[in-house]
Amino acid sequence: GLLKHPLTDNGLAQFLADSEGCDAVSIDDRYINRLGRLTDEKGRNIPIVSCLDVFRFLGNKGIFDTTKKQAVLHRMREAGFALLPLDTEELERLLYSTSFNDDGMVRETAELRILRQSIMRIRSLDMVSQAGEGTYLFGLQQKGIITIRHLWENNQLPAQHAVSLTDWVWRNIVPSPTDWVRSNSDPDRTNSFVQNLVLLLAPMILVPSDRYKAFLSWVEQAILAPLQLANPDIIMAAGEAMRSQIEQLARKFEDEGI
């Protein structure tokens, strides 16, 4: 059916007056998107969708592939759109397209720079509502850490480059709990830090020992050393959580006779 896309307040007012001829209305505004449906003055009720829904629709029709989608998302980030999804596939493609300077540090491509600036804008403006949009932050956390683990599991990637890319992802993609839990006394702050560490430090059995030592060295310098000075309780809590996980796995293996 027909899909219209209002770009102005006047356009939205027209839909509220009469949405006849439309099967859906596409509005890229997270507050309006929460409503789910639009009811006009004549009582006609149609769904509210976003550009992401349009992408999925076109993808299901086979006329909007992953490459096109990622190119459009880049242009949208560049234009100032916020809270756009980031898949591990896209993040890994961007990371593997980088180069490194003589010191082994990442030279950002234009796409990586825009991605970093987009997420930094979300952080600096404090625009995420934890109650309603915490899943977005958790998604960034998960995908960032999964990407880090993939980097270390790729034995074709030199360890020095893996360290540089890991550091870039950790600092620029994985949201720190301080970005959304503002109070030092809030238990969610500690719990979120612990969750970060447990996800990151889960054993990587496919990584050779010498390579794994390089990863643990980065963890020690970039994460644990700063925490040890100000928040040793977080390290203790993360260690306890990991011990509990290992014990559960050991019991499971024992029960299954492995």
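At 51% relative accessibility, E89 counts as exposed, where exposed means over 50% relative accessible area, buried means under 20%, and partly exposed covers what lies in between, all found with a 1.4 Å probe and with protein chains only. E89 sits in helix α5, and helices here are DSSP runs of H or I with at least four residues, while strands are runs of E with at least two, both numbered from the N terminus. When residues up to four places away in sequence are not counted, E89 touches T66 and Q70, a contact being heavy atoms within 4.5 Å. Along the chain E89 and Q70 are 19 residues apart, and their C-alpha atoms are 9.8 Å apart in space.

This is a predicted model, in which local features need pLDDT of at least 70, side-chain atom pairs count only at pLDDT 80 or more, and totals for chains, interfaces and linings use all residues. Residues are numbered from 1 along each chain as its sequence is written, and side-chain values use heavy atoms, with hydrogens and water left out.

**The chain as a whole**

The protein chain contains eleven helices and six strands. Of its 258 residues, 38% are buried. Its accessible surface comes to about 14900 Å², and 53% of that surface belongs to carbon and sulfur atoms; such areas come from the Shrake-Rupley method with a 1.4 Å probe, and for residues only the protein chains shown count as cover. Among the contacts in the protein chain with a separation of 6 or more, 54% are between residues 24 or more positions apart.

**Helices that pack against each other**

Two packed helices are described by the angle between their axes and the distance between the axes. The axes are lines fitted to C-alpha atoms, for helices over the stretch in contact, and the angles run from 0 to 180 degrees between N-to-C directions.

| Helix pair | Axis distance | Angle |
|---|---|---|
| α5 (residues 88-96) and α6 (residues 110-124) | within 9 Å | roughly 130° |
| α6 and α8 (residues 159-172) | 10 Å | about 30° |
| α8 and α10 (residues 209-230) | within 10 Å | roughly 35° |

The axes of α5 and α6 cross at roughly 130°, which makes α5 oblique to α6; angles under 35 degrees count as roughly parallel, over 145 as roughly antiparallel, 65 to 115 as roughly perpendicular, and the rest as oblique. The crossing of α5 past α6 is left-handed, a label used if the near helix is turned anticlockwise from the far one by less than a right angle, whereas clockwise gives a right-handed crossing. On the α5 side the contact is made by L91, R93, L94 and L95, and on the α6 side by E111, L112 and L115. Sorted by class, these are five nonpolar, no polar and two charged residues, where Ala, Val, Leu, Ile, Met, Phe, Trp, Tyr, Cys and Pro count as nonpolar, Asp, Glu, Lys and Arg as charged, and the others, Gly among them, as polar.

Helix α6 also packs with α8, at an angle of about 30°, so α6 is roughly parallel to α8. Here α6 contributes L112, R116, I119 and R123, and α8 contributes W168, R171 and N172. This contact has three nonpolar, one polar and three charged residues.

Helix α8 in turn passes α10 in a right-handed crossing. The residues in this contact are A159, A162, V163, T166, D167, W170 and R171 of α8, together with R211, A214, W218, A222 and I223 of α10. They divide into eight nonpolar, one polar and three charged.

**Buried residues in helix and loop**

Within helix α6 lies I114, which is buried with a relative accessible area of 9%. Not counting residues up to four places away in sequence, I114 touches H74, R77 and E78, and its C-alpha atom is separated by 9.6 Å from that of G80, 34 residues apart along the chain. S118 is also found in helix α6 and is buried, at 12% relative accessible area; leaving aside neighbours within four places in sequence, S118 is in contact with R77 and F81.

Two residues in loops are buried as well. S50 has its place in the loop between β4 (45-49) and α3 (51-60), and its relative accessible area is 12%. Apart from neighbours within four places in sequence, S50 is in contact with S26, I27, D28 and N33. L83 is found in the loop between α4 (66-79) and α5, and it is buried, with a relative accessible area of 18%. The phi angle of L83 is near 60°, a positive value in a residue other than glycine.
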